[in-house]
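Visitor: Could you walk me through a few features of this protein model?
Guide: Gladly, let's look together.
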Amino acid sequence: MSHTALLVIAVAGVATLLLLILRAKVQPFVALVVVSIGVALAAGVPAADLVKTIEDGMGSTLGHIATIIALGAMIGRIVELSGGAHAFAHHLIERFGSRRTPLALTVAGFVLGIPVFFEVGLIILMPIAYGVARASRKPLLIYALPMGAAMLTVHAFLPPHPGAVAVVETIGASQGLVLLMGIPVTAVVVLLGYLVSRRLSRCEYPMDPAVYAEVYGETSADAGTSGPAGTAGGTPTGGAPGDGGGHATAVLTKPADTGTGLRTPSFGMVLTLIVTPILLILLGTIGQNTLAEGSTLRAVLTVLGAPMVALLIDVALCGYFLGARRGWNRVRIAEVMGSALPPVAMVILVAGAGGVFGKVLVASGVGDAIADVLERTGLPVLLLAFLTSLAMRAAQGSATVALITTAGILTPLLHRADLSTGHLSLVALAMGGGALALSHINDAGYWMFTKLAGLDVAAGLRTWTVLTTVMGCAGFALTAVLWPLV
């Protein structure tokens, strides 16, 4: 089949995928599988090989990432239900002081965003932002905007989040190198987001009356704001700090009760448990690149630094230090770990379906046809990775789906380019920048943040969408700076 015909099939397949997800509201897993089958048959994959191609794509992808995603979700769930996330955030607020509370919540979003999924992290930390805004009588957006953007940045860039894990495994990058380069890149992007959010939150935006009442303990009319829905950007007035309209300001700012009758976990304990798997993975990568092949120390570090092993060790540590030592019995620990799996089951299946799509592109020859076209554009692979991910993100909304689909489309081109593992890791981070940008009305995360922050559509586009786009472009720019140094 000619390259032109294959490209037409590819374009039709992606267009069908977007229509199924956006218009028909088909679940992304089902949409990816249906489109993969259609592309395979249209591109001439023999019917006898169709099922095997699908099984190979699903199996090879999930064999790498399913365990990592599940273990990462367990760690986040234990940290959440033990009260560790609340304790961590409150410690930072106390250390940073009232004037730098927005920065403290941004740091909390960045660190807690590593083990905790974006949606869960937002639910955990937003009540804290509510409480701080109520106590200070300052706009909620000052606290919520940089905090939410920090969590989304980690979600788009770093393992063990599903999109990042799937990209690393699909294109052949290194988990350790992605973390080694991605953590400082993400930290810089988060800091930039904090600075940009300070300017964005100076403006006044209409605020939903129900959210206003929940945050400040009074109706917008009682608060004397200029608009009927109050403001999310202007300073609330009409009540001394702490009166809360009958609500104590400490209600949402004190650490949550963990149900064990014991004190919440310490800041140091939570931080140690969050960074342990990261350090193990980094040590494994450093050992493989610096120690002599065949040495005992290298073998030990390689095993301990395998992402699955590192996360498994951390699950055991979390279960003991945040659970058993604080009054949870074995049944309770098992229940908490098990409760982490249902929310990520569909994410794992979507990642597997993305692997199927990528396998079909390769097996049918569509991938090589796309690679030829992209090569003829003359654009650097790093820029192609960013732009493709950005386009998929803007078109269908999900950062995870954008990353998985982009990896499947670009894998043939990346293999043909014969890049080093370090450069492939930077390509993975560039894709993360594209998946972070342009969070708008077709993104569930956009609606979740704007509803919790009390913003209408226009205000959400002027704040959340602008901020995520600036941060995504900054992330790509940093990968471009690092490219010649790797």
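The questions below look at helix packing and aromatic rings in this predicted model.

Visitor: Which hand does the crossing of H7 and H20 have?
Guide: Here the description goes by how H7 passes H20, and the crossing is right-handed.
The residues of H7 that take part are Leu152, Thr153, Ala156 and Phe157, and they meet Leu429, Gly432, Gly433, Ala435 and Leu436 in H20. By class, this contact has no charged residues, three polar and six nonpolar. The hand asked for is right-handed.

Visitor: How many aromatic pairs does the structure hold, and are Phe88 and Phe267 stacked or edge-to-face?
Guide: The structure holds seven aromatic pairs. In one of them, Phe88 and Phe267 sit 4.7 Å centre to centre, with 20° between the planes. Phe88 belongs to helix H4 and Phe267 to helix H12, 179 residues apart. Planes under 30 degrees apart count as stacked, so the pair of Phe88 and Phe267 is stacked.

Visitor: Is Phe88 buried or exposed?
Guide: The cut-off for buried is under 20% relative accessible area. Phe267, with 22%, is partly exposed. Phe88 has a relative accessible area of 1%, so Phe88 is buried.

Visitor: Which residues do ring pairs link into a cluster?
Guide: Now for another group of rings. Ring pairs join three residues into a cluster: Phe118, Phe449 and Trp464.

Methods: Residues numbered from 1 in each chain as written. Predicted model: local features only at pLDDT ≥ 70, side-chain atom pairs only at ≥ 80, totals over all residues. Heavy atoms only, no water. Left-handed = near helix turned anticlockwise from the far one by under 90°. Helix = DSSP H or I, 4+ residues; strand = E, 2+ residues; numbered from the N terminus. Contact = heavy atoms within 4.5 Å. Nonpolar A, V, L, I, M, F, W, Y, C, P; charged D, E, K, R; others polar. Phe/Tyr/Trp six-rings, centres within 6.5 Å; stacked < 30°, edge-to-face > 60°. Buried < 20%, exposed > 50% of the residue type's maximum accessible area, 1.4 Å probe, protein only.
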